[in-house]
Amino acid sequence: MILRFAAILVAVFAALPAVGEDVLYPDACDGAGVRLQVLGSGDADLTDGRAANSYLIWIDGKARVLVDTGAGSALRFGESGARASDIDAILLTRLDAAHTLDFPSIVAAAEREERTDPLPLYGPTGGRLAPSTVTFVRTLLDGTRGAYRELSSVLNPLAKDGFKLQPHDVRTRAPSVGVRRNEKEIVEVTVSPQVHAAATYVVEQPRPVLAWRVRIGEQNIVMGGTLVDDSEHLERLAQEADLLIADDIGEPAKRKSRVGHFAAQTKAKRLVLTRRTRETLGAQEAIQAAVREEYSGPLAFADDLDCFALPNESPR
């Protein structure tokens, strides 16, 4: 009996991560402090039942910032228990189906909750193959020509009921209302007295792509497409992030090790890998080994609705 019990203990401990191995485990989103929830860990192909790119930042138990609204993310938003009326701002990284398809559903949810506060929206300018954020919103919600005209009151300044959507193009040369540009091509946005965001372009043409840093007190979350770009301002934006979200592990194999290089170079304190597609779901061990060549910090592969807590410093 003793030998059998000893054999069971050996099997249990063998299944646990090795001592010193940095594994980042999901947490609950209903606690105090700052937490990031992955609403969509897949892509627009909805592989393995995963929603596409979308992230929710919780502060003291309330959802405050929504980053991207990819296919299927509105369902996950509802499942998370978040309320659209609590959101202080929506930030978009790029304007394609994988990042914006469920945007009208979020607007509709805010209307149903009888939101009254304005809802700022910040996203890329236009390119040869993509509209600007302002054009994107008007194409969907314009009262005369929009695809979803039943939601047009959110753009109509004469409509007395409900909230107003405030779309802005993030411009590095001509600042939009509510944003400030510094000399490093990083655009700063004040989301609320507690939350500040900054963005920089990692791709400008033909489809502009933004990377975002969201700062809550002294805590920073960095996310956005193509985080392994070589631009100096992207590296400055991402320095010493408390949580770095890399959603480009589905790119060609050479990028797998570059994610680890970028995380190590910018001294990321925690790394979460998302955008898990057909080509990456079966390659988790290989991807992790490649990342570990240069990055030794806490690492996680995200699933839909996973929540990751930041260090326990209180936002100031």
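Modeller: The mean pLDDT of the protein, that is the predictor's confidence in each residue from 0 to 100, is 84, and 83% of its residues reach 70 or more. This is a predicted model, in which local features need pLDDT of at least 70 and side-chain atom pairs count only at pLDDT 80 or more, while totals for chains, interfaces and linings use all residues. Residues are numbered from 1 along each chain as its sequence is written, and side-chain values use heavy atoms, without hydrogens and water.

Colleague: Where is confidence lowest, and where is it highest?

Modeller: Where pLDDT is low, the predicted coordinates should not be read in detail. Here helix H1 (residues 2-15) is lowest, at a mean of 40, whereas S4 is highest, at 98; helices (H or I, at least four residues) and strands (E, at least two) are DSSP runs, numbered from the N terminus. Over residues 1-20 the pLDDT is below 50, and this stretch has 2 contacts (heavy atoms within 4.5 Å) beyond near neighbours in sequence.

Colleague: In what order do the strands of the open sheet lie?

Modeller: Strands of a sheet pair through backbone hydrogen bonds, either parallel or antiparallel. In this open sheet the 7 strands follow the order S6-S5-S4-S3-S2-S1-S15, with mixed pairing, where a pair requires at least two bridges found by DSSP. Strand S6 (165-169) and strand S15 (307-309) are at the edges with a single partner strand each, so one side of each has no neighbour in the sheet.

Colleague: In which sense do S3 and S4 pair?

Modeller: Strand S3 (residues 62-67) and strand S4 (residues 89-91) are parallel, joined over 3 bridges, and Ile90 in S4 is the bridge partner of Leu66. Helix H2 (residues 73-80) packs on the sheet, touching strand S1 (34-40), strand S2 (54-59) and S3, and its direction makes about 140 degrees with that of S1; such angles run from 0 to 180 degrees between N-to-C directions, along lines fitted to C-alpha atoms, for helices over the stretch in contact.
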